[in-house]
Amino acid sequence: MTAMTARLRGGPRRTVSAARTLVRATALRLAVLVMATVLGASVALAGCAGTGGRRPAVVVTTNILGDVTRRVVGDEADVTVLMKPDADPHSFAISAQEAAAIERAALVVYNGLGLEEGVLRNVEAAKDAGVATLAVGEGVDPIRYTTDHGGGPDGAAPGGTGNDLAGRPDPHFWTDPHRMARAVDLIAERVVDEVDGVDAAAVRANAARYRAEIEALDAWMETRFAAIPPARRNLVTNHHVFGYLAQRYGFTVVGAVIPSGTTLASPSASDLKSLADAVRAAGVPAIFADSSQPDRLAQVMAAEAGVEVRVVSLFTESLSTARTGASTYVEMMRSNTEAMVGGLGEG
Amino acid sequence: MTRNPAARAALAVLSAATLLAGCARTGTDETGHEVAARKPAALPHGYVEGAEELAEPHPRLVIADGGTGTAHLLDLVSGDLTAVGAAGGGGVIGGVGGDGRFAYLSTRNGTATRVIDGGTWTVDHGDHSHSYRGEARDVGALTGADPQRVLGDVGVTVVSFSDGTAKVLDRAALEKGDLVETALIDTGGHGTVVPYGEHLLVAGDGPAGKDTGGVDVRTRDGRPADRIGTPCPEPHGAALTRRGAVIGCADGALLVTVKGGEFTGEKIRYPGKPPKGDRALEFHHRPGSTTLAARAGDAGIWVLDVAARKWRLLKTGPAVAVTATGDDAPVLSLTADGVLHAYDTASGDETATTELLAAPLPRSGAAPVPAIQADRSRAYVSDPAGKAVHEIDYNDDLRRARTFELGFPPAAMVETGR
């Protein structure tokens with residue numbers, strides 16, 4: 001296992017490309033000489049002594065918490081993030097190597113509250129094996145799903161029929177930066193307690209610096225949202241993650257069925273009724289939805305339902321390298337804030 | 001590159017280096033091999049490698065060409081039609097069913113089931129769902145004569161055959177493109193096997209022809225785990241709903257639910273005593289709907305409201321194909337005259353009709369039979385004589401939203417990705 005990790009990190013794979021370049025340009029003897037040197041290096045890298053390679057001290061499940069944890073830990077320890085950018089926190093799965101990394105970690109940081117279904121088993125196995133774990137969501141006073149607010153996160157669900165979720169905690173706490181600031185402290189304290197060899201003062205200083213950044217984000221969001229008239233603070237959406245943001249900044253989440261691509265090919269009034277009713281009742285000029293054809297949706301709403309509405313997409317559950325604007329947690333929150341203000345604000 | 005002797009020598013040295021790098025293997029051989037076979041760890045490996053997450057479900061129809069036996073994929077968003085899979089004797093002719101992502105079609109020679117990956121699928125997370133797109137492909141053929149029914153959950157898909165056997169396929173392997181049979185179940189006759197609650201429900205005569213009273217609960221690899229005592233005489237047909245698994249029995253439907261690992265059976269008896277020929281044999285519904293529809297012999301349509309534990313017989317006369325579209329949505333029925341009908345499930349009233357098919361169905365049994373499939377907003381009806389598929393807005397008086405001209409008679413049609 002140790003050898004394997006070292007190999008992947010860099011021994012032979014790096015050697016292959018180096019060798020190919022060299023071989024083309026040099027004589028046989030020279031090549032062999034160079035190869036022997038490289039081989040020596042690769043053997044050393046491969047850790048044939050049996051224990052080579054730094055163990056990943058902190059393993060984080062989601063990429064949002066990964067960004068936060070990296071800021072807290074800084075250079076004090078290795079941080080491995082399991083969920084790749086643009087993946088889905090509910091269902092991403094991990095490789096055998098990563099499962100092994102979890103079991104050798106000093107600390108596993110995860111969202112919890114039922115979010116990471118794909119790796120929960122691995123996290124629990126590690127916990128049973130004595131690895132320290134931190135379910136961040138459990139420590140930030142989670143809110144619970146309700147059924148009685150006019151089709152909130154539940155009603156908005158395209159695939160759900162309702163209601164086994166009522167009363168269960170909502171795992172998407174990161175849409176509230178105030179809670180994320182608390183998460184920073186929770187992570188810092190556990191890192192100090194569980195990860196050998198870290199400089200506690202340095203970790204706490206990192207955390208304080210980053211918490212200040214998040215508090216500034218919170219204040220900035222509050223100021224930006226003030227540009228939206230209170231009567232328009234309605235998020236008509238098919239997303240299920242904005243319950244926390246809504247609670248923090250005084251928005252109402254209005255669930256709606258967003259007509260699908262097949263429906264939009266040849267829509268009728270009944271296809272658009274749920275959304276048109278929601279938009280009219282909410283009195284908003286924009287909706288926040290993922291749609292495969294946002295422009296077509298807007299056209300159809302105007303033509304068939306007489307509702308002029310912009311269709312705006314938001315970042316929800318994952319940092320992104322595929323789309324710009326969400327390479328870090330703070331950047332993602334800023335992008336969403338500007339998108340909401342742009343959609344709902346005046347002028 | 002390898003024509004260069006220096007390169008050859010260097011590569012030889014490299015192989016040695018690779019071998020040496022494994023010298024301190026503290027893990028197992030198994031892990032070592034896995035690493036060798038994998039792509040580098042730096043590549044993203046989300047839920048399924050190479051899959052792209054979509055903003056919404058992306059439904060497709062897998063359709064068999066009744067002439068050539070070629071399977072086609074009709075993309076319901078773009079309208080594109082593409083061929084996928086083999087033609088000829090190994091080609092496809094009949095529809096068996098689907099498990100959300102894969103369509104199962106019986107082959108023309110009747111000895112196998114061809115499995116087509118529709119390439120789009122939706123994962124339900126209760127409060128929301130995620131949809132993906134990968135590559136559509138012909139996964140291969142599963143041997144076994146006369147396939148009857150397909151039912152799948154997240155772990156396995158079960159294909160049942162007319163001789164009472166059922167093959168259990170590993171879903172994770174299917175997603176990688178491999179047909180891996182994890183169990184072969186013999187119900188001893190006209191039995192029914194249903195994947196449910198991370199187990200298999202096996203209703204039938206049993207391998208020894210005894211103990212016909214209840215339903216066996218087995219592990220996914222076929223080992224006995226539990227038993228449900230409620231009898232289900234002459235089991236035939238089954239469906240999976242959010243409120244439990246439903247198995248058709250001579251005297252009604254057996255609803256099986258699981259709570260905390262405990263399986264419970266509850267009989268929903270037919271009202272009165274319907275003649276034997278009128279019992280429900282196969283259930284049809286939009287996936288997720290807890291209202292089911294079944295043909296009731298020549299009498300009409302059975303509607304089973306699973307939530308209310310109640311049957312209703314719609315005395316419509318014989319139907320060619322039926323399906324339920326949802327809990328507060330109509331039951332659809334196609335009659336031999338080519339007319340599609342909508343019925344209100346609460347009152348039993350006919351609410352709309354539309355003349356749909358190009359021609360009435362021929363009386364001889366050789367011609368392909370039309371199929372109905374439904375998703376959350378539309379239903380699709382295949383029209384062999386018209387060489388087309390009709391898209392129906394069932395919430396708008398059976399309005400014909402689109403008609404897809406295929407250029408061949410559709411012999412089978414299974415919706416995936418919904």
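Two residues are in contact if their C-beta atoms, placed from the backbone, lie within 7 Å. With that in mind, here are some close-up views of what is a predicted model.

**Figure 1. Helices H4 and H8 of chain A meet at an angle.** In this view, A:Arg71, A:Val72 and A:Val73 in H4(A) touch A:Val203, A:Asn206, A:Ala207 and A:Tyr210 in H8(A). By type, the residues of this contact are five nonpolar, one polar and one charged. A pair of packed helices is described by the angle between their axes and the distance between the axes. Here the axes of H4(A) and H8(A) come within 7 Å and cross at roughly 130°. H4(A) and H8(A) are therefore oblique to each other.

Figure 2. How many of the eleven residues of H4(A) are buried? Ten of them are, so this helix, residues 63–73, is largely enclosed by the rest of the structure. Follow the backbone just past the end of H4(A) and you reach A:Gly74, which takes a positive phi of about 60°.

**Figure 3. Chains A and B, each seen whole.** Chain A has 13 helices and eight strands, while chain B comes to three helices and 34 strands. Of the 347 residues of chain A, 48% count as buried; for the 418 residues of chain B, the share counted as buried is 48%. Now take the contacts between residues with a separation of 6 or more in sequence. In chain A, 67% of these are between residues 24 or more positions apart. In chain B, 48% of such contacts join residues at least 24 apart.

Figure 4. Six of the six residues of S20(B), residues 244–249, are buried, so the strand is largely enclosed by the rest of the structure. Strand S19(B), residues 238–241, pairs with S20(B) in the antiparallel sense over four bridges. Within this pair, B:Ala238 stands opposite B:Ile247. The two strands S19(B) and S20(B) make a hairpin, with two residues between them. S20(B) also pairs with strand S21(B), residues 252–259, in the antiparallel sense, over five bridges. Which residue of S21(B) is the bridge partner of B:Ala245? Look for B:Val256. S20(B) and S21(B) form a hairpin too, with two residues between them.

Figure 5. Leaving aside neighbours within four places in sequence, B:Val256 is in contact with B:Tyr196, B:Leu201, B:Val215, B:Ile228, B:Gly244, B:Ala245, B:Ile247, B:Phe263 and B:Gly265.

**Figure 6. A four-stranded open sheet in chain B.** The strands of this sheet follow the order S11-S12-S13-S14, with antiparallel pairing. Strands S11(B) (147–152) and S14(B) (181–186) stand at the edges with a single partner strand each, so one side of each is left without a neighbour in the sheet. Neighbouring strands of the sheet are turned against each other by 20° on average, direction ignored.

**Figure 7. B:Gly277 in a loop of chain B.** This glycine has its place in the loop between strand S22 (262–269) and strand S23 (291–296) of chain B. Is B:Gly277 buried or exposed? With 10 C-beta neighbours inside 10 Å, B:Gly277 counts as exposed, since a residue with 12 or fewer is classed that way. The C-alpha atoms of B:Gly277 and B:Ile392 are separated by 31 Å, and the two residues lie 115 residues apart along the chain.

Methods: Residues are numbered from 1 along each chain as its sequence is written. Chains are lettered from A and ligands numbered from 1 in the order in which they are written. This is a predicted model: local features need pLDDT of at least 70, side-chain atom pairs count only at pLDDT 80 or more; totals for chains, interfaces and linings use all residues. A residue is buried if 20 or more other C-beta atoms lie within 10 Å of its own, exposed if 12 or fewer, and partly exposed in between; C-beta atoms are placed from the backbone. Axes are lines fitted to C-alpha atoms, for helices over the stretch in contact, and angles run from 0 to 180 degrees between N-to-C directions. Angles under 35 degrees count as roughly parallel, over 145 as roughly antiparallel, 65 to 115 as roughly perpendicular and the rest as oblique. Ala, Val, Leu, Ile, Met, Phe, Trp, Tyr, Cys and Pro count as nonpolar, Asp, Glu, Lys and Arg as charged, and the others, Gly among them, as polar. Two strands pair if DSSP finds at least two bridges between them.
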